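Trainee: I would like to learn how to read salt bridges and strand pairing in a model. Could we go through one case together?

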Amino acid sequence: VQLQASGGGLVQAGGSLELSCAASGSTSSVNYIAWHRQRPGQEREWVARIVPGGTTQYADSVKGRFTISRNYAQRTGYLEMSSLRPEDTAVYYCKAFYRGSEYWGQGTQVTVSS
């Protein structure tokens, strides 16, 4: 499975962005999609996940502002981000869990200006 993350950019505080994570291979490769981020000078942290069956979970820091979803036909996962804050500035990575293995995308930069 190869993952291609896109959609990052520069946005003002309070704005919105949607990240995409396009997966190669089987539609099942997007059964489990997660987003992580690495803020400047910090460790990579988990942000959100969607699992088989559709249950979604979010880190407390983004709950109510971010929405994770997937589209099987497009084999793509999404992270819709709203009410963005400067502290959301980070490189965002998508991850897929497929047949017992983890796969990571290359990361996309999100910068939120105050």
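Trainee: Is Glu45 buried or partly exposed?

Mentor: This is a predicted model. Burial is judged by relative accessible area, and under 20% counts as buried. Glu45 has 22%, so it is partly exposed. Arg39 has 18%, so it is buried.

Trainee: Which residue forms a salt bridge with Arg39, and how far apart are the closest N and O atoms?

Mentor: The test is a side-chain nitrogen of Lys or Arg within 4 Å of a carboxyl oxygen of Asp or Glu. Arg39 meets this with Glu45, the closest N and O atoms being 3.0 Å apart.

Trainee: Which residues belong to the network of salt bridges?

Mentor: Arg37, Arg39, Glu45, Arg65 and Asp88 are linked in it. The search of the whole structure finds six salt bridges.

Trainee: Where in the chain do Asp88 and Arg65 lie?

Mentor: Start with the contact: Asp88 and Arg65 form a salt bridge, with 2.7 Å between the closest N and O atoms. This pair links distant parts of the chain, 23 residues apart. Asp88 is in the loop between β8 (76-81) and β9, while Arg65 is in the loop between β6 (56-58) and β7 (66-71). Both Asp88 and Arg65 are buried.

Trainee: Why is strand β9 described as largely enclosed by the rest of the structure?

Mentor: Count the buried residues along the strand. In β9 (residues 90-98), seven of the nine residues are buried, so the rest of the structure largely encloses this strand.

Trainee: Which strands pair with β9?

Mentor: Look at the bridges and their sense. Strand β4 (residues 33-38) pairs with β9 in the antiparallel sense over six bridges. β11 (residues 108-113) is also antiparallel to β9, over three bridges, and β10 (residues 101-104) pairs with β9 in the antiparallel sense over four.

Trainee: What are the bridge partners of Val91?

Mentor: Gln38 stands opposite Val91, and in β11 the partner of Val91 is Gln109.

Trainee: Which residue takes a positive phi in the hairpin of β9 and β10?

Mentor: Arg99 does, with phi near 50 degrees; this hairpin has two residues between the strands.

Conventions:
Residues are numbered from 1 along each chain as its sequence is written. This is a predicted model: local features need pLDDT of at least 70, side-chain atom pairs count only at pLDDT 80 or more; totals for chains, interfaces and linings use all residues. Side-chain values use heavy atoms; hydrogens and water are left out. Buried means under 20% relative accessible area, exposed over 50%, partly exposed in between (1.4 Å probe, protein chains only). Two strands pair if DSSP finds at least two bridges between them.
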